[in-house]
Structure formats: C-alpha cells, structure tokens
Amino acid sequence: MALLIKNGEIVTASERYVADILVEGETIAQIGRDLTAPPDAEVIDATGKYIFPGFIDPHTHVHLPFMGTFACDTYETATRAALCGGTTTLIDFCIPDRSEEPLAAVETWRSKAEGQACMDYTWHMAVTRYDSEVDAQLREIVRDVGVSSFKVFLAYKGALGVDDYELFHTLKLASQLGVITTAHCENADLVSELQAQLVAAGKLGPEYHEPSRPSWVEAEGTRHLCTMARATGAHVYVVHLSCEEALRQAVEAKLKGTRVWIETLIQYLLLDKTWAERPDFEGARYVMSPPLRDISNQDVLWNALQNGLIDTLATDHAPFNLQQKDMGRGNFCLIPNGIPSLEDRVRMLYTHGVATGRLDIQRFVEVASTKAAQLFGLYPRKGTIQLGADADLVIYDPAWTGTISAKTHHMNIDYNPFEGMAVQGRCSVVTVRGNVQVRDGEFVGQKGIGRFIKREPNHF
Ligand code: URP
Ligand code: ZN
Ligand code: ZN
C-alpha cells in the first residue's frame, strides 16, 4: 500500500521545506506540493509537524555477552523501543569472545537478529584477537557478509581488549580493505592499575568507577589510537568520547591529517559523574565506560557537536538491570558497565539541543542520522529524505510534552537513567521502508521485518 504524508516540514541535514512525501513500496517515490494520493494510499496529515529521515544509532549493544552476564534487551525489545524513539536503523556490535572465530560470532548475531528485528540493522565487526585465521575471516566478512566497519577495544584488558601488535595489524588490514575502524579508547593497563589501587584502599563503591578511569586515561587511549591510525593510514572513529581532554587529542590528530571521526553519547551531554555518586548503590545505574564526567565537560561536548568537531551522537545502549548491577555491590570493578538510552536519544537531543537553541535543527538531523549513514556506508539509502531512498521516516510532533519513566518506556530494563526528566516532542509516526511501525508514539508494527543491510567499504 502507498503512503502519502501531507504538509509536513521536511528537515534533512541540508534542506528544510514544507512538502508532501509519497511512499510507494519501500522507497520515497515523490516529494512535492499538493501530491495526489493513489487510490490505495493511506494519507497522514503532518501539518505542524517535522518529517525527519529515520534516525540512526551507530553504537548499540543489543546482544552483548559482557562482564559475566548479558545485556538484557533482545532484537525484538530493543528495536521496538528504538522505533518508539525515532531510531530506524541500528548499528550493533558483533563481538566474538577472544577464543571464538569471527565467523562463528556472525552466526550468533545473525541468529539473535533474524526474524526478531523490527527495523533494519547492521554490525560493526569487533576484532578481539588478531592472527592469520582471524585475518582471513575478516576479509570474508567484509567481502561476503557485507560488513564494512571494525571495532577494537583498547580497554577491557584480558577480555575484549587487543594489544598493540593486534591493533596495528587490524588497522593495516582495515586500511587495505577500505574499512573504518571504530575504537573504545581507554588505556587498559592504566585502568587495571588504578582499579587495583582503589580496591586496595577499600574504595569499593560505584563512586570510584570514574576515578579508576579518569579523563587522562581516555585522552591517552585516544591519542594512542590516533598514533596507530597515523602509522597505518587507517580511518578511525572514536566511540563514546566523554570529555574535553580526549577531544583535544582527537582534534589535534585531525589537524595533523589523521582521518579520525568522533562520536559522543546522549548520556555524556545530560548526566555527570555525581549521578554515579548517588548513595545506597543507586550510583551503579550510572556506571559505564568511559565514565560520566565532571559537569564542566558538557558545554564543551555540546559546542563540539554543534560546530562539527564531534561528528555523531549515539547511545552505546548496554542495558543491565538492577539485579545485574548488583553483581558489583562490594566491588565497583564488577558492576556491569552500561547505561540504557536507545529509546530516549532523539527526544532528549531535541529537548535539550534543538528546543533550547543549543543545536541547529539540521545539525540535529546530521549528528543523529545523516553523518552515521555517510561514515558507515548507508547513505543515501538511509540518513536522508530524497527520491529512491528507503522510506524510513519520523513524523515528529514538537508540541507534545511528556516525562521519561521506566514505567512507560519500551526498553527491557527496570530503570531509566533519565527518570522524571521532561521531554519536548515525540515521534508520532515512524516508518521503516514504508511500513508504519509506530503511531501516536506506540509500536503498532510487525516484528521481524528488519533486514540486515549489506555495506560496501567506503574508506579508501
Ligand atoms: O560501559 C559501556 N560502554 N558498556 C558497553 C561496552 C562498551 O564499552 O561499549
Ligand atoms: Zn566501549
Ligand atoms: Zn559500546
């Protein structure tokens, strides 16, 4: 069935105008004024509303075996929640255990997503070990599976982290294949030493998580990644950058010609380290890595997002429920790291960015959708509104007001880090390739229509 969306204000990263959009099949067939509805079309009046391209979250962990447990969403629950929040494409991480073959991990992630996802998705391929077998399988994954981005962890020593030999050869391979490498930048050895010192001193609560991984540890990791990128000619993407000190390192490398792009998270823009200092172990809800920082970093991150020093805004959605967080009662090093936010990214960015005047509305679209599509080989199929693009659309009602709560959210998690915070606007209607998946902010669509998107290398 066709879909005609009338009189909305279309906002993309490059344009802003009032028009109708006709969707036929899975793609955008016409854009113009006073379009006529085909006989079988559903017509939606979007007067007074924005129409944004579907938002893309370039950093989520839906299936995540981590720190002795598993993130608690499924592809069904996560994608339903994401859609209610306006995100129509996820880039999750396929993460083999260090002893596991990469192709085996691809099968695992495929089995979790296929038939479950309510939106399109792809994965960054994590490299948690590098040897000749891994090298061969990574080539196959890029060529045949259709994954064109890698992930390395400089943190998580002894678990997911790679050493410098592995990092160097992964980046060399990525450079040869035209693949961008995303990286978690914290110096793993420093984290281990600082954790050991704090634990020895009896400093065991969640409030010591940040002191165990201070800004300078992240800055050092960021600088190290950039040095390795310079040495190998690789294109790199710093995930979840949390602070000014790390930003300065990445910007300095950019100025010297290193091909480095930067992502920050909605959590870092709105929450600070005092949340992890809350009494009675409530702080555990706010433990993630890199940690929430001193509030002075927030203005810097907002400004960098607006002026282009930071490229994308993601969530790093990694939900661990309160029982799972309890694993670290008595030792903060054992608290599963992660703060859920998949559903709330877009509306919180709109509320605290666009509605306050901190973020231009077209820049909002760029950082939350278009730039990720361009960097990760999804553009222009995703990330914009143009003829022939996938009809992934968000009709956003800016007049709606509400409050965030775990009681009403759709994520499979028993708390919300933004509990009680006000929101301006909601995603009234959300489509995935022309299928209406959300109406009046609620999921009404079909499970399992989401497809894995094959991506070509685009970083040469
Ligand atoms: O604390 C975090 N960020 N948890 C998820 C895993 C990761 O490092 O991205
Ligand atoms: Zn990370
Ligand atoms: Zn992550």
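Three cavities of 30 Å³ or more are present in the structure, a cavity being a set of points, on a 1 Å grid over the protein atoms alone, where a 1.4 Å probe fits but cannot get out. Volumes are the space filled by probe spheres set on the points, with grid points joined across faces, edges and corners. The model is predicted, so that local features need pLDDT of at least 70 and side-chain atom pairs count only at pLDDT 80 or more, while totals for chains, interfaces and linings use all residues. Residues are numbered from 1 along each chain as its sequence is written, chains are lettered from A and ligands numbered from 1 in the order in which they are written, and side-chain values use heavy atoms, with hydrogens and water left out.

The largest cavity has a volume of about 120 Å³. Its lining (residues with an atom within 4 Å of a point) consists of 15 residues, and H61, F66, Y156, D316 and N337 lie nearest the centre. By class, 6 of the lining residues are nonpolar, 7 polar and 2 charged; Ala, Val, Leu, Ile, Met, Phe, Trp, Tyr, Cys and Pro count as nonpolar, Asp, Glu, Lys and Arg as charged, and the others, Gly among them, as polar. The second largest cavity holds about 40 Å³ of space and is lined by P96, E100, P102, A126, V127, T128, R129 and V134. This lining divides into 5 nonpolar, 1 polar and 2 charged residues.

Pockets were treated separately, as open sets with protein on both sides within 12 Å along at least five of seven lines. The largest pocket has a volume of about 550 Å³. Of its 28 lining residues, F66, M67, Y156, K157 and A159 lie nearest the centre. At least two lining residues come from each of β7 (65–66), α2 (102–113) and α5 (188–200), where helices (H or I, at least four residues) and strands (E, at least two) are DSSP runs numbered from the N terminus. Helix α5 gives the most, with 4 residues. The lining of the largest pocket comprises 15 nonpolar, 8 polar and 5 charged residues.

The second largest pocket contains about 320 Å³ of space. It is lined by 18 residues, with L154, V162, D163, A188 and D189 closest to its centre. Two or more lining residues are given by each of α4 (164–177), α5 and α7 (215–232). By class, this lining has 5 nonpolar, 5 polar and 8 charged residues.

An open sheet of 8 strands has the order β6-β9-β10-β11-β12-β13-β14-β15, with parallel pairing; two strands pair if DSSP finds at least two bridges between them. Strands β6 (55–60) and β15 (312–314) stand at the edges with a single partner strand each, so one side of each is left without a neighbour in the sheet. From one strand to the next, the twist averages 30 degrees; axes are lines fitted to C-alpha atoms, for helices over the stretch in contact, and angles run from 0 to 180 degrees between N-to-C directions. Strand β11 (residues 149–153) pairs with β12 (residues 180–184) in the parallel sense over 5 bridges, and V152 has A183 in β12 as its bridge partner. Helix α7 packs on the sheet, touching β12, β13 (236–238) and β14 (260–265), with contact taken as heavy atoms within 4.5 Å. The direction of α7 makes about 175 degrees with that of β13.

The structure holds 18 aromatic pairs. Rings of Phe, Tyr and Trp (its six-membered ring) pair if their centres lie within 6.5 Å, and planes under 30 degrees apart count as stacked, over 60 as edge-to-face and the rest as tilted. Y50 and Y350 form a tilted pair, at 6.4 Å centre to centre and 55 degrees between the planes. This pair links distant parts of the chain, with Y50 in strand β5 (residues 50–53) and Y350 in helix α12 (residues 345–354), 300 residues apart.
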